[in-house]
Amino acid sequence: MTEAIAATARWQSCAIVEIATRTPAIKSFFLRLSETFDYTAGQHVDVRLTAPNGYTAMRSYSIASAPSDSKVIELAIERLADGEVSPFFYDVARAGDMIELRGPRGGHFLWPGPTANPLLLIGAGSGVVPLMAMIRHRKASGEPVPVALFFSSRTWGDVLFRDELLELERSLPDFALALALTREPTMRGSDFSRRIDAAMIADVAARQHVSPGSVFVCGSNAFVDIAADAALALGLEAGAIKTERYGA
């Protein structure tokens, strides 16, 4: 095992330095690493909680922050009523608390590196987190990569990173944003008021004027299936479509 691989498998203690409420069901936790690591936008970490009786629970969470030299990473965690880990973060955790994590993990759902080919990012709910890391990396790196984000949420108030995304839409060249609200009407002419379908994705892809070179999809099983099929219908090769699923 190489030193780099060994480091990703090693657990480290991290301090929660800040907690930010993002939506009614999602909070961001900013964690100060005791041991820094290099990562690529799209990767995740494993988080482990240990009870006083020794019982452990572990979950994987995508990194929301762009890769940088900072020792602080951001995890955006959705509270799941039947979860073992997310209720602790959402209801119990406070700034100053210590948690264990290891990483980075994941080797397929990754920012593709320097490329001139447009990217189409498709996410639902908390599935936008690794896509947000890619968008933030696009901004920080200045790479001239056209990026379009199609993001499905229940309501306007449930749009994770909403204000930041709206600002990026205004200020970041070659970034297009389209929202789909499934439980209330939209307030913008560029958005949709229905569940995901192939026509939506074709519409958003066409806004880039050039076919995407890669498509990244993250969401529930049903969402990913619809989005991946729609991306194939655009004429992309299957290998150009990267998917991650939650709620399996």
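Q: What does it take for two strands to pair?
A: Two strands pair if DSSP finds at least two bridges between them. In this predicted model, strand 1 and strand 2 form a hairpin, with two residues between them. Strand 1 covers residues 12–23, and seven bridges join strand 1 to strand 2 in an antiparallel run.

Q: Which residue of strand 2 is the bridge partner of I19?
A: The bridge partner of I19 in strand 2 is F29.

Q: Is strand 2 mostly covered or mostly open?
A: Buried means under 20% relative accessible area. Strand 2, residues 26–32, is mostly covered, with six of its seven residues buried.

Q: How is the packing of helix 3 and helix 4 described?
A: By an angle and a distance between axes. Helix 3 spans residues 129–141 and helix 4 spans residues 162–171; the two pack at about 40°, and their axes lie 12 Å apart.

Q: Why are helix 3 and helix 4 called oblique to each other?
A: Angles under 35 degrees count as roughly parallel, and 65 to 115 as roughly perpendicular. The angle is about 40°, so helix 3 and helix 4 are oblique to each other. Their crossing is left-handed.

Q: Which residues make the contact?
A: Helix 3 contributes M132, I135, R136 and K139, and helix 4 contributes E164, L165 and L168. By class, this contact of helix 3 with helix 4 has four nonpolar and three charged residues, and no polar ones.

Technical notes. Residues numbered from 1 in each chain as written. Predicted model: local features only at pLDDT ≥ 70, side-chain atom pairs only at ≥ 80, totals over all residues. Heavy atoms only, no water. Axes fitted to C-alpha atoms, helices over the stretch in contact; angles between N-to-C directions. Helix = DSSP H or I, 4+ residues; strand = E, 2+ residues; numbered from the N terminus. Parallel < 35°, antiparallel > 145°, perpendicular 65-115°, else oblique. Left-handed = near helix turned anticlockwise from the far one by under 90°. Contact = heavy atoms within 4.5 Å. Nonpolar A, V, L, I, M, F, W, Y, C, P; charged D, E, K, R; others polar. Buried < 20%, exposed > 50% of the residue type's maximum accessible area, 1.4 Å probe, protein only.
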